[in-house]
Amino acid sequence: MNTMTKTLEELVNIPSPTGYSVEIVRYLEDFLKKENIRYYLTNKGAVIAEIPGETEESILFSAHVDTLGAVVKEIKSNGRLKLSLMGGYTWATLDAENCVLRTRKNDRYTGTVQSTKPSVHIDGPQAHSIERNQDNTEMILDEKIFTREEAENLGIMVGDFIFVEPRFTYTEKGFIKSRYLDDKASVAILLEAMKRLNKEKQKNKLYFFISTYEEIGHGAASAIPEGVKEFIAVDMGAPGNGQASSEYKVNICAKDSSGPYDLEIKDRMIDLCEENNIPYTVDIYNYYGSDASAALRAGYDLRTGLIGAGVFASHGYERTHEESMEATLNLVLAYAKRGM
């Protein structure tokens, strides 16, 4: 396991669903202080790091550290919990997942997400056919409780965060399986890039925007530093049926649900990949948006691009490969050093 993958493992094991960033931001601050990289926090809790350049005309790279998540919607009369999801989870992917509930006072309780008819021996065919949705899914606490009042006596309230276990796994052949590779794989890539680029002054000033609200659409809709001309979102490629994306290459997005990305930037990225023997592919994502999209919708006058490692089964139990992360890192480095 290389250093970047070890960083990724640390990142995915720090809970950071949208709206709960305190622990992960502390990790990022510690990293940047250790590497002597200047940074500041936005009002929304995003981290913006800076690397000096010969000119104030700047390139900004972004990744988001917030993930999909859930909060308590209702404490049922039997002490079980109805959930409200944040971001684009599918209910089915939560079936039988271990999780942790955090109370307002930071007490932690373990539990499991289950359908309301989880047992084949009791529920028969309904255990197979029951629709997975908010009404038919619940968190069962690992506590000896049977009533709403007993759950409330533990300090549990509506709105408490629920952290779904990431189940990080690294294989000897370089595969990485985990929840939240979207987008913590990209955060690990940018942290490694910052560490390397900070060793010398760059042609353009570089910003690294680690956002905390991307999964709900407004991560980089504010606080873009003055002087930024190009915004490169480092998020994920999405391999799947009918897609060109790959778990072994850097994926360059030509277009997503927000429209096409900048043609000049896309062509420059392809040229850099070919000049530097970086394995790449170009793809289009119909059900996708990025922090670059959010910045454009907010009215910023920017040229934008989108790249990322290939993440299979996005928003579920995801998989990528070290080769894809390495290719993405190499393109970030080549693009930053070349400058505008």
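Tyr-20, Phe-161 and Phe-163 come together as one aromatic cluster in this predicted model, and a search of the whole structure finds 6 aromatic pairs, where rings of Phe, Tyr and Trp (its six-membered ring) pair if their centres lie within 6.5 Å. Local features need pLDDT of at least 70 and side-chain atom pairs count only at pLDDT 80 or more, while totals for chains, interfaces and linings use all residues. Residues are numbered from 1 along each chain as its sequence is written, and side-chain values use heavy atoms, with hydrogens and water left out.

**Stacked pair**
- The ring centres of Phe-61 and Phe-208 are 5.6 Å apart and the planes meet at 20 degrees, so this pair is stacked (planes under 30 degrees apart; over 60 is edge-to-face and the rest tilted).
- Phe-61 lies in strand S3 (residues 53-64) and Phe-208 in strand S12 (residues 202-211), so that the pair links parts of the chain 147 residues apart, strands being DSSP runs of E with at least two residues, numbered from the N terminus.
- Both Phe-61 and Phe-208 are buried, meaning under 20% relative accessible area, with exposed over 50% and partly exposed in between (1.4 Å probe, protein chains only).

**Edge-to-face pair**
- Phe-175 and Tyr-248 pair edge-to-face, at 6.1 Å centre to centre and 80 degrees between the planes.
- Phe-175 belongs to strand S11 (residues 175-178), whereas Tyr-248 is in the loop between strand S13 (228-237) and strand S14 (250-256), 73 residues apart.
- Phe-175 counts as buried at 17% relative accessibility, but Tyr-248, at 33%, is partly exposed.

**Charge over a ring**
- The charged end of Arg-167 sits over the ring of Tyr-317, 4.0 Å from its centre (NZ of Lys or CZ of Arg within 6 Å of the ring centre and within 35 degrees of the ring normal).

Technical notes
Helix = DSSP H or I, 4+ residues; strand = E, 2+ residues; numbered from the N terminus.
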